[in-house]
Amino acid sequence: MVNLPAPEALRRRTEEALVRCGADLGDAGGALVARTPITGTELRTVATSSADDVDRAITAAHEAFVRWRAVPAPQRGAVVRRLGQLLSEHKDDLAELVTLEAGKIPSEALGEVQEMIDICEFAVGLSRQLYGKTMASERPGHRLMETWHPLGVVGVISAFNFPVAVWSWNTAIALVCGDTVVWKPSDQTPLTATACDALLARAARDVGAPAGIHALIQGSADVGEQLVDDPRVALVSATGSVRMGRTVGPRVAARFGKCLLELGGNNAAIVAPSADLDLAIRGIVFSAAGTAGQRCTSLRRLIVHDSVADDVVERVASAYNQLKVGNPFEDGVLVGPLVNKVAYDAMQSALDKARADGGTVVCGGERNIECGDGGYYVSPALVRMPAQTSVVQEETFAPILYVLTYNDFDEAIALHNAVPQGLSSAIFTTDQREAERFLSSDGSDCGIANVNIGTSGAEIGGAFGGEKETGGGRESGSDAWKAYMRRATNTVNYSDELPLAQGVEFT
C-alpha cells in the first residue's frame, strides 16, 4: 500500500498552518466542508455566507472604494508591498494548505505561492506606472489626453486548481488601481482562501489602509451568483469552466457591468521533425502530467509529424511509466490526486469515448488502488487517435494526452486551431520559419503561444488569458491593469478662443 497520512495528522497540519497565518475560523461550525483529495478526509467545516453576508461584504467594499480611490496610487501600493512580505513569511504555510486542499505536490504548491509574491512585486511597481497618453490636438491652444481612474468593486471568482494565485493576480493589481475586492473562492478550497484573507487584512492594518478594501465570501454557486448580479460590482473576474462563463458573461452584461473571463483550455503542442526531442519530451510530460492534468494550461493534444510520431509516443510512454503517482507529501511523488470522484469519472468517460472513436490507450488511465478508497489517483493516460474527434475537441480536466499526426505544416496549424478553446499553445522546432509562422497572425490562435517550452508555467510579467471559448480576458502582467480601471479622454483649452473640432462653425 502507498503510505498515506492519517486523517488526524492531516487535520492537525491544517489547523497549525491556519493558526500561523492568523486565520480565525471560530469553532469550526458551518455547512461548507473542506476535504483533502489526498485521502478524501474532512479537514474542517467553514461557515457559508448568507445572502445578507454577501450584501454586507459588497456594501462595505463599495463604501471603502469611495475612500480608497482618493488615496494616491503609490500609497495604495504600500498594502500590496506589505502583503508580499507576509506571503514570503508564510510561504510554507500557504503551500501546505494548497497541497492539503488541492492535492498539488509541494514543489508546485510553493511555486503557486511564489507567483503571489511575484505579482505583489509587479503591482507595487505598477502603482507608479498607471500611465495615460497625451495626444496632439487639431485645435490650437488645446491639449488632448487620456487619464485612468479606479473602476469600483471588483468581484473575483476563482477555481480550485489555483486556489490562491489567480486571486492574487486580480487582487494585487485591483488594489493598486484603487479598486476594492470581494472574493468568492472555490467551495473546494475554502481554507487557503481564509488564510489569504487573514494575511491581507493584517497587511491593511499594518499600513493603515481603510477597512473593507477586501472581503471574503464563502459558499456554492448561489453565493457567486449574488456577486455576479449586484450592480455595485463594477467588474467580475471569473475563472472556471466554459459552462460557468456562459452563465456569468450574459448576466454581467445584462446590467452593463464589465467581465474578465478565464475559461477552458484545450491546449496543444506541435512537434516538428526538427525538434530537439530530449527537450520536447521534458516539456510535454510536465505540461500534460503536472498537477494531475488539472491546470487550465495543461497539455491535452500532441500534434506530431509522422516521421517522429512513433519515437515521441514511445518516449512519452516511457516517461509516464516512471512518474511516481501518490501522496503528494511523499518524496519523489510527481503526480498527486485528482480533486474528486467527479473528475475521475469524467476522465474514464473520456477514455471510453476515445476508444469508441478508434483511439488506442498506449498507457495509463487506471486508478491506483494502492492509494486507498478515499483519494482518486490515476496514471496519466497517453492515447493515439486516428483523428480529432469530438472527445478530443472537449476539455477533460484530467491527465489525458491525445496524440494526432500530420504530414504538412499547414495541416498541423489547422489541427491545432480546430477546437473551440484558445488558451495556451506550443511548438517544438528548430526551424525558424516554422517557429515564426506559429507566432504569426496565421499561426496559433491562442492567447499564449510558446516556442520550445510547454503550454503550462506562465510568468506573471506577461498578460495571461486566451481567445474563443477561453473568454478573451487578460490577467496578471503587461497592460492587464487597464481592465481594472476606466479611461477618460480629456480636452483642455488653454487659449482664449473656442475653436470647434473638424472645423465646425456655430456662430
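Me: Why does Gln502 count as exposed?

Reply: Happy to start there, keeping in mind that this is a predicted model. Gln502 has a relative accessibility of 64%, and exposed means over 50%, so Gln502 counts as exposed. Gln502 is found in the segment after strand E21 (485-493).

Me: What makes the phi of Gln502 worth a look?

Reply: Gln502 has a positive phi of about 60 degrees although it is not a glycine. Most residues other than glycine have a negative phi. Ala292 also goes on this list, with a positive phi of about 50 degrees, and it is not a glycine either.

Me: Is Ala292 buried or exposed, and how do you know?

Reply: Buried: the relative accessible area of Ala292 is 2%, and the cut-off for buried is under 20%. As for its place, Ala292 is in the loop between helix H10 (277-289) and strand E11 (299-305).

Me: Why is Glu96 called buried?

Reply: The same cut-off of under 20% applies, and Glu96 has a relative accessible area of 16%, so Glu96 is buried. Glu96 is in helix H4 (residues 91-102). Leaving aside residues up to four places away in sequence, Glu96 touches Arg13, Ala17 and Phe329.

Me: Why is H5 called roughly parallel to H6?

Reply: Helix H5 (residues 106-126) and helix H6 (residues 165-176) pack at an angle of about 15 degrees, with their axes 9 Å apart. Angles under 35 degrees count as roughly parallel, so H5 is roughly parallel to H6. The crossing of H5 past H6 is right-handed.

Me: What classes of residue make up the contact of H5 with H6?

Reply: There are 12 nonpolar, one polar and two charged residues in that contact. On the H5 side they include Glu112, Glu115, Met116 and Phe122, while the H6 side includes Trp167, Ser168, Trp169 and Val176.

Me: What is the order of the five strands in the open sheet, and which are the edge strands?

Reply: The order is E7-E6-E5-E8-E9, with parallel pairing. Strand E7 (214-216) and strand E9 (258-262) are the edge strands, because each pairs on one side only. On average, neighbouring strands of this sheet are turned by 15 degrees against each other, direction ignored.

Me: How do you know that E6 and E7 pair?

Reply: Pairing needs at least two bridges, and three bridges join strand E6 (residues 180-184) to E7. For Val181, the bridge partner in E7 is His214. Helix H7 (residues 190-207) lies across E6 and E7, running at about 155 degrees to E7.

Notes:
Residues are numbered from 1 along each chain as its sequence is written. This is a predicted model: local features need pLDDT of at least 70, side-chain atom pairs count only at pLDDT 80 or more; totals for chains, interfaces and linings use all residues. Side-chain values use heavy atoms; hydrogens and water are left out. Helices (H or I, at least four residues) and strands (E, at least two) are DSSP runs, numbered from the N terminus. Axes are lines fitted to C-alpha atoms, for helices over the stretch in contact, and angles run from 0 to 180 degrees between N-to-C directions. Contact means heavy atoms within 4.5 Å. Angles under 35 degrees count as roughly parallel, over 145 as roughly antiparallel, 65 to 115 as roughly perpendicular and the rest as oblique. A crossing is left-handed if the near helix is turned anticlockwise from the far one by less than a right angle, and right-handed if clockwise. Ala, Val, Leu, Ile, Met, Phe, Trp, Tyr, Cys and Pro count as nonpolar, Asp, Glu, Lys and Arg as charged, and the others, Gly among them, as polar. Buried means under 20% relative accessible area, exposed over 50%, partly exposed in between (1.4 Å probe, protein chains only).
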